[in-house]
Amino acid sequence: MEPIVLFGIQFTLSLVAYLLIAFWYVLPRELALVPLLWVHVFRVVGGTILAPGAVGPGVPMEFRTMIGYGDLITALLALVALTALRVRFQGAIALVWLCVIVGMVDTVNAIIQSMRFSVFTYALGVNWVIVTIYVPALLVSSLLIFMQLLGRTSSDTR
């Protein structure tokens, strides 16, 4: 099976699973930003691509750097946003917006660049699992965060 076909199947099935969880179990209830942001804190795992030997030598360094640092920055923003929510900082919701926008731009860019650099033809090691299992969770949690933020009134604080 071609790597891109395998990727497409795994990614799609993971995405469908996370969407079903979201629409069956999360959306019918009051949404909370905190658990959804926690999903993004662990984007630190994306920094794995920067480790020597984590991926095949053919994976371009430009791609590895963009992916690794984008995930690490988004993870840091998620931690800052979570802390701001926890201490009820007045600008917490703005920090959540910043985190989810930066994270979504990073994720969409990573998907586009993956295709551009044809990275699925190289040895990706554990990064294959990250992309096929974790990235769909990031997409669904981002969607739910956007939905909650857009549904907020100006008097909401949590």
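The following legends describe close-up views of a predicted model.

**Figure 1. Confidence of the predicted chain.** The mean pLDDT of the chain is 91, and 92% of its residues reach a value of 70 or more. Residues 154-158 form a stretch in which the pLDDT is below 50. In the model this stretch has six contacts beyond near neighbours in sequence. Where pLDDT is low, predicted coordinates should not be read in detail.

**Figure 2. The largest cavity and its lining.** The largest cavity holds about 320 Å³ of space. Its lining is made up of 23 residues, and those nearest the centre of the cavity are Ile67, Ala110, Ser114, Val131 and Val135. Helix H3 (61-86), helix H4 (92-116) and helix H5 (126-150) are the elements that each give two or more residues to this lining. By residue class, the lining comprises 16 nonpolar, four polar and three charged residues.

**Figure 3. The stacked pair Phe7 and Phe120.** Seven aromatic pairs are counted in the model. A pair of aromatic rings is described by the distance of the centres and the angle of the planes. For Phe7 and Phe120, the ring centres are 4.1 Å apart and the planes lie at 25°, under the 30 degrees required, so the pair is stacked. Phe7 belongs to helix H1 (residues 3-26), whereas Phe120 is in the loop between H4 and H5; the pair therefore ties together parts that are 113 residues apart in sequence. Both Phe7 and Phe120 are buried.

**Figure 4. The edge-to-face pair Phe120 and Trp128 within an aromatic cluster.** Here the ring centres of Phe120 and Trp128 are 5.8 Å apart and the planes stand at 90°, over the limit of 60 degrees, so this pair is edge-to-face. Ring pairs join Phe7, Phe11, Phe120 and Trp128 into a cluster.

**Figure 5. Ile93 in helix H4, shown with Asn127.** Ile93 is a residue of helix H4. The relative accessibility of Ile93 is 19%, under the 20% cut-off, so this residue counts as buried. Between Ile93 and Asn127 the separation is 34 residues in sequence, and their C-alpha atoms are 31 Å apart in space.

Definitions and conventions:
Residues numbered from 1 in each chain as written. Predicted model: local features only at pLDDT ≥ 70, side-chain atom pairs only at ≥ 80, totals over all residues. Heavy atoms only, no water. pLDDT = per-residue confidence, 0-100. Contact = heavy atoms within 4.5 Å. 1 Å grid on protein atoms, 1.4 Å probe; cavity = no way out; pocket = protein on both sides within 12 Å on 5 of 7 lines; lining within 4 Å. Points joined across faces, edges and corners; volume = space filled by probe spheres on them. Helix = DSSP H or I, 4+ residues; strand = E, 2+ residues; numbered from the N terminus. Nonpolar A, V, L, I, M, F, W, Y, C, P; charged D, E, K, R; others polar. Phe/Tyr/Trp six-rings, centres within 6.5 Å; stacked < 30°, edge-to-face > 60°. Buried < 20%, exposed > 50% of the residue type's maximum accessible area, 1.4 Å probe, protein only.
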